[in-house]
Amino acid sequence: MALIWAEGFTGEKALAPLWRRHAVALARSQDRSLSPSDRGAAIVEAEDTKIIYDNTVAEAEAALAQTATREELRTHALVVGVGRYKNAGIKALTTSVHGAWAFADWMLRRFHHLNRPLGSVELILSPSDSLGDWKPSPEAAEKLGLTDGSSTTTLPVEAATFTNIKNAFNRWLKRAGTHLDNAAFFYFSGHGLWKSEPFLLPEDAQIAKRIEGFDNLIDVQQTQINMFNTQPSVQCFFIDACQEVISQLVENPTTRPPALVLWTPANAPVIPDRDAWRYEGAFPSRKAFGPADSAPFFTQELVACLERRGAAPAKIANAWRVTTSSLKEALEAAWRWREEADREAQGIKFSTAAPGSSSTTATLCHIQGSPEVIVEVRCHPATAMPRAKLFVESGGVRSPRPQPLPSPWYTTVTQGDCSAGAEFEASAALATTPENFEARPPVHPVQLMVQPRV
Amino acid sequence: MSDKAVHYEIKITSVHVPRSLRGVRLPFEIIPQEGEAKRSLITLQEKHTETESVKWPGSYLVRTVLPSGQLIAKTTIVPQPTGPKGEASSEVTLDFGEYITVAEANEPSILETSNKYLPSRRGAVKKPSRIRRMIWFMKRGVSADPRVSCDYGMFVRWSPEASDESLETSSDALVIKPIGEASTSLPGNIEMERHPGWTPNSREWRPLLMRSRFSLPMFGTERQEALLICPPSHHPPPLTLLPDPDPGVNSNAPSLLAYSHSDDGEVDLLFSYVRGGALDLARQLAPRMIERAQEILQSKVSNPVNATLAAYALLKVSNTERQDWVRNLADWFEHLSDGAIIYGWYLIRAGKAEHAHKYFRIALTRGVPMYSEGVRLLRDGLNFLRGLYTENAQVQADATRANRMAASANLDSELTCLRLGKGLAVEFNEKAK
């Protein structure tokens, strides 16, 4: 178990320090360089600290359930990052673990919801040896209660094996399910595969070889389908994993999908107005990727959209909010923007799915300050695009497109009045009038009418 | 003058409306700077203006999403009233300009071997009143080689029990065998005045199964065969075949996308929104569509295919209050499997999973669903039941079959499009060599 944060549990009851004490003692108990007596003492300490941690977690879960009975809503997050794989055939990753760190850090530091604040964060990680344990940012460390004054505070957590993920998933859904209108966020970053549906690879995933079959793959699609009658009504999966097609999957002769679900089905009526989405860092058959030393591109964009770029078009009660639907729109534009703006991000393509969803209006979080807007600029006729030097002006600053391209241009501006236009070489004999508009989030399309120059 | 006496409005004019959207009632959002959006349906006609009232002066965003997923939006400012009658209005023109529909966006140039071929509503190729045997895909205006040929095959009743189980367990190939005397093979070069599965009594409608042989060298596809399912209709079906621009998604599936459209623009629009994930707009259309679907089903000239499309969409965006008409869709049309799949899912969503298997089983005995959505729902539904009834061998076997069907299907295709041919593992190995 690695429930690292629960609302109201601070100071001596802060979960992260309790877990760390246990994890450190457990590691010492397995350190063969220590004397038998030291190891024996460490075993005792590991057992004692585990009891303290477990009791505190039980107390926290009871308190969260009480919160629900008072009709107070909460958001519960489960964050999984896999970089280390036991199977020698699966390459280790670093960006995925950076992604899980970044998302957990964002949830702890920046997540903001006026009516459904953060209730709990559970973190499961299998970092590659080169990365080691999580070093939360000072602000996150303070929120976690890891206030030892060190800039290198680390937090070891449980390994992201299939069993650990499944157990954590069940605990997380139970916590989140204490109220119909709570929200449950599941973030996963690691390897993934595709065979007519996506599969996720935990640390102990087994890819089929001549003498052994697939094992421990996560069937995320069926897991979500099985949750159609499970509280809470807001269930969001953020999956930053490849969706590659590999020969072993195509050749696999078994008729069942070679993957396991994290949630078993129950025969009960559907949750009304269920808002269940899966936002994915890769399109089927494609890879998700990112820099080795920071979060994958999808996670970067996801955090940016949740924080400032994915607002719905209008404020409600004077607050900008990110909804399941506005996040979908924003992410679909974000990969296009990122791909053009960042040479390293060539080939990214995000996707979304809504297995069994029936609503799109849930507010995932609120934006603090002014939102950004992704502006999509195109010319009519489209044949003018390769010659159009596009620009947008916002706050008196003109931002040009680096080079003319045939495809629409996606760029970002601050919400409010701005304009978009295009200039043409004299030889093109084309002209257009700049268009003034109030940029509304998440994505504001602008079509410039291009005329022959008279 | 008090605000109550003032009438604020926005006049919305549409220009350059694509043919495919003319006459369609498209859902719009009229969004103030603060507060909930007003949602409205606007009938699209070229240079047609509709007036929508709003509550306050200020900045509004008028926006909609086309079936292709393309967003169109304009901002406008409703002024303070100045006239003697206390009216204030603003105008906004939505220029559809370069925005095109899904099929138009994916459509390769097609050599018109006959000038009788005309663009259909979706920008597809359709020959009025007749379907020709050959549909030719061309590189954009370069090559004159035929790329795809379609044999209009047969429509039969499938029997899962007749499948060759030894083959099924040896590879990923989906094995479906026609049975009995109901099999009717049509010569490959037949010209059809109407859909062969059509009868005056729509309860006897059958889907048309088409075997398509094609090569798409520009997409790296050589000599594939696909089984396409073409829904019956009162009028000759406009069928669009397109090369899949992303064939790597499922290498088990054919690199071919098949689209059709019903003769009901609003049903098509609703289904497009659901397929494209624009669920908020689909929800906007849903309330009137429930009434509409029942009418479609129970009118003298009933159309189970249009009702099926509406039912797929409503399953996605609405709750389960009214199921009678969906049950009729499942029970009345004994050659169409889609209705049974949808009703099976309604039962699951109502917490009556114990009755759902019966309908999924009926669907399997009726054959292949007409729409990829049905293939997907059949797989998901039976996998759900498999997890629930782990000891039920029949559920396990049926789930296996549904998984196999889905693994052979190009789920990006609107109409069901299954891959035929050798064992897929064999093909994959051959390709790898």
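1. How many residues does helix H9 of chain B have, and how far does it reach from its first C-alpha to its last? In this predicted model, H9 of chain B covers residues 372–388, which is 17 residues. The helix reaches 24 Å between those end C-alpha atoms, close to the 24 Å expected at 1.5 Å a residue.

2. The largest nonpolar core contains 249 residues. Those with the most contacts inside this core are Ile4(A) and Leu15(A), together with Leu270(B), Ala282(B), Ala310(B) and Ala313(B). Helix H5 of chain B (residues 304–317) supplies the largest share of the core, 10 residues. In soluble globular proteins, nonpolar side chains tend to be buried together.

3. Ile4(A) deserves a separate entry. Leaving aside neighbours within four places in sequence, Ile4(A) is in contact with Leu15(A), Ala16(A) and Trp19(A), with Val121(A), Glu122(A) and Leu123(A), and with Leu144(A), Leu155(A) and Val157(A).

4. Chain A has an open sheet of 4 strands in the order S15-S14-S17-S19, with antiparallel pairing. Strands S15 (397–400) and S19 (435–439) of chain A each have a single partner strand and stand at the edges, so one side of each lacks a neighbour in the sheet. From one strand to the next, the twist averages 25 degrees.

5. Within that sheet, strand S14 (residues 389–394) and strand S17 (residues 416–423) of chain A run antiparallel and are joined by 6 bridges. Lys389(A) has Glu423(A) as its bridge partner in S17(A).

Key. Residues numbered from 1 in each chain as written. Chains lettered and ligands numbered in written order. Predicted model: local features only at pLDDT ≥ 70, side-chain atom pairs only at ≥ 80, totals over all residues. Pairing = 2+ DSSP bridges. Helix = DSSP H or I, 4+ residues; strand = E, 2+ residues; numbered from the N terminus. Axes fitted to C-alpha atoms, helices over the stretch in contact; angles between N-to-C directions. Core = buried A, V, L, I, M, F, W, Y, C linked by C-beta atoms within 7 Å. Buried ≥ 20, exposed ≤ 12 C-beta atoms within 10 Å, placed from the backbone. Contact = placed C-beta atoms within 7 Å. Expected span 1.5 Å × (residues − 1).
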